Amino acid sequence: MAAVRHITPTVLIPVKGFEHAKGRLAERLSEAERSDLTRTMAERVVRAAGPLPTWIVCDNDEVAQWAQDVGAGVLRVDAKGLNPSVTEATQRLRDICDAASDDAAAPTHVVIAHADLPRAETLDGLAETGTVTIVPDRHLDGTNVLSLPLGTGFEFHYGPGSFAAHCEEALRCGLDLRVRRVPALEWDIDTPDDLDALNRLDAAADRTGRNG
């Protein structure tokens with residue numbers, strides 16, 4: 001069996017904004033608390049990208065300044081909504097690749113990570129030549145991390161049921177498909193139930209650590 005060829009991808013982290021973020025948590029957290037939580041999670045995802053080239057996909061000045069502060073690049077997009085924004089961002093990367101076709105450092109593969117992954121540790125090892133790698137959420141419904149080659153015609157289907165939709169899209173494009181269950185990347189925070197479940201998990205880990 002041929003050896004798997006891991007490659008160095010470019011990381012895209014879409015960040016909508018911090019003001020009025022995570023509105024579905026309003027019954028538990030104030031606006032300031034939601035903003036702080038959103039920033040903290042996004043910073044953790046940037047750290048998880050480590051030395052990989054990392055760009056924040058955004059459309060506002062506040063997020064652009066934050067991206068510079070945490071050492072990431074800024075990829076400003078005009079499109080609104082997650083799917084159009086990611087589509088525009090990946091096309092921009094593809095244009096960079098085409099303009100630098102003789103440059104070995106030009107981006108050929110992208111890892112798209114949500115910014116609300118509070119347990120993210122690393123995004124390394126998810127990129128393989130000719131392969132779409134999907135890290136679903138813990139419910140096997142959403143797509144928390146998506147790794148894919150550039151320039152394949154892959155269409156994004158973020159939203160409810162995106163995990164299954166992205167699996168089907170990979171097959172439609174004739175690409176190899178790999179599903180990775182990565183506990184540290186399966187947690188995202190959208191609802192009070194997500195927040196409660198993560199708090200229970202953290203509390204159990206604390207008890208185990210004290211008793212150990």
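In this predicted model, Arg76 has a relative accessible area of 36% and is therefore partly exposed, since that value falls between the 20% and 50% limits. The side chain of Arg76 meets that of Asp61 in a salt bridge, with a distance of 3.1 Å from N to O. Because Arg76 belongs to strand E3 (residues 73-76) while Asp61 belongs to helix H2, the pair ties together parts that are 15 residues apart in sequence. Asp61, for its part, counts as exposed, because its relative accessibility is 57%.

Within helix H3 (residues 82-99), Glu88 and Arg92 lie four residues apart, about one turn of the helix, and their side chains meet in a salt bridge of 3.7 Å, N to O. Arg92 has a relative accessible area of 30%, so Arg92 is partly exposed. Elsewhere, salt bridges that share partners join Lys22, Arg24, Asp116 and Asp190 into one network. The count of salt bridges comes to 13.

We turn now to the nonpolar interior. In soluble globular proteins, nonpolar side chains tend to be buried together. Here the largest nonpolar core has 28 residues, and those with the most contacts inside it are Ile13, Val15, Ile56, Trp66, Leu123, Val145 and Leu185. Two or more residues of this core come from each of strand E1 (10-14), helix H1 (31-49), strand E2 (54-58), helix H2 (61-69) and E4, with H1 giving the largest share, five residues. Val15, when its neighbours within four places in sequence are left aside, is in contact with Ile56, Val57, Cys58, Val63, Trp66 and Ala115. Apart from this core lies another, of 22 residues, which includes Val77, Leu148, Leu150 and Leu175.

One further residue deserves a look. Asp124 is found in the loop between strand E4 (109-113) and strand E5 (131-136), and it counts as exposed because its relative accessibility is 57%. The C-alpha atom of Asp124 is separated by 8.0 Å from that of Leu52, although the two residues are 72 residues apart along the chain.

Note on methods: Residues are numbered from 1 along each chain as its sequence is written. This is a predicted model: local features need pLDDT of at least 70, side-chain atom pairs count only at pLDDT 80 or more; totals for chains, interfaces and linings use all residues. Side-chain values use heavy atoms; hydrogens and water are left out. Buried means under 20% relative accessible area, exposed over 50%, partly exposed in between (1.4 Å probe, protein chains only). A nonpolar core is a set of buried Ala, Val, Leu, Ile, Met, Phe, Trp, Tyr and Cys residues joined through side-chain atoms within 4.5 Å. Contact means heavy atoms within 4.5 Å. A salt bridge is a side-chain nitrogen of Lys or Arg within 4 Å of a carboxyl oxygen of Asp or Glu.
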